[in-house]
Amino acid sequence: MNNNQTIEISPEFLEQYSVLSFAVSLFVLSMLAGALASWSYLIVRAIRREPLLTVEPSPPRVWGLADVMFITITSVICQIVFASAYVRLAGRGIADNGDAQISAAVAMAASLGNVVAIALALSWLALRFNVTPEHVGFRASGWWRQLQIGVVATLTVLPVVYLLMAAVSLGLETEYSHPLLDEVRRNATFGSYLLGVVTAVLLAPLAEEFLFRVLIQGWLQSWAVSTPKQILFGAGLAERSATIRGAWEVQADLVDGPLTPLSTPPRAGTSEPSNLDPQVVLTDSETHGAGAVPPPLDCAGDEFVPPVWPSIVTGILFGLAHLGYGLSFIPLIVLGIVLGLLYRATSSIWPCFLVHFALNGSSMLMLGLSILVESSK
């Protein structure tokens, strides 16, 4: 089967697949309506000079470069172990048909290895730094706000990403290629498709968002409030709190007059939004007086507003990680930056996962429809 075949929407197609055509049309129109509503909402906020996305101050992440490398290596090992175990148990090679295509079953086994690696990473960070999955990014508090942000971001970003993919494909005359999707299309069986859906829609987004947003971006964001030693080897919340307090006390020594406490940023997960950036407040003497500095916070929960640049860096890395799949890495860089901004605002993996889930899910849906139509000819 040609990997570049697409569904041709013709009168004959609409007549033969009337119910399917109606369902697809309803889905597309719903997505367009949602995208229009989301863009209208953001435009109104921009006109009112309101922030498009309120950033919650959050504690710095506890892990360092050593932890990032250790968890990444652990993930690779888990992928190899699980894929090799499947090959051994199934009694067949990774390339089922003797070519370079990776089988859907092996891809799913490797993805399950990533899930195990995430569990091991959470255990490692809990034992080493005494933090919960909530701190790492698997937040349960504020779930309603996270869901709202994820839905609006999905409806806003997906049309843009698909338009960019179409522009790249048509303008540069290149096709998107992915080993897993090519394998699913080539086999065109229900079992292969189901394995592809589980891998691409559930397991892959979880693993990629944990690696790029939680692990790498969370580490980069903490550079602003970390010592070189903490950047390399990490530090517990109490030690990081002391670092933040020390920096604020140095700033206080440079200010004449008594210390005037300012309003403390609300804790992450509360219902009170805030755009307060401690880095801005430190020099806001004209508004609050010469002696105004932020008050010391609790050692267990000092919070700050992360910088923007880690979102951009991890977005670029996310796109470049898909470099072997054709020029689709260009729109994926845009997607990665948006996902980075979502993580910066919420310190949670779930809004990012929802957008990633929707993108891969819609792609697998169109692939399934294409296989269904082609197989019925």
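Tutor: The count comes to 2 cavities of 30 Å³ or more. A cavity here is a set of points, on a 1 Å grid over the protein atoms alone, where a 1.4 Å probe fits but cannot get out. Grid points are joined across faces, edges and corners, and a volume is the space filled by probe spheres set on the points.

The model is predicted: local features need pLDDT of at least 70, side-chain atom pairs count only at pLDDT 80 or more, and totals for chains, interfaces and linings use all residues. Residues are numbered from 1 along each chain as its sequence is written, and side-chain values use heavy atoms, with hydrogens and water left out.

The second largest cavity has a volume of about 40 Å³. Its lining residues (an atom within 4 Å of a point) include Ser58, Pro59, Pro60 and Arg61. Gly218, Gln221 and Ser222 also line this cavity. So do Phe304, Pro306, Tyr343 and Ser347. By class, the lining has 5 nonpolar, 5 polar and 1 charged residues. Ala, Val, Leu, Ile, Met, Phe, Trp, Tyr, Cys and Pro count as nonpolar; Asp, Glu, Lys and Arg as charged; the others, Gly among them, as polar.

Now confidence. The mean pLDDT (the predictor's confidence in each residue, from 0 to 100) of the chain is 79. Of its residues, 73% reach 70 or more. Over residues 256–301 the pLDDT is below 50. This stretch still has 81 contacts (heavy atoms within 4.5 Å) beyond near neighbours in sequence. Residues 1–9 stay under 50 too. Where pLDDT is low, the predicted coordinates should not be read in detail.

Definitions and conventions
1 Å grid on protein atoms, 1.4 Å probe; cavity = no way out; pocket = protein on both sides within 12 Å on 5 of 7 lines; lining within 4 Å.
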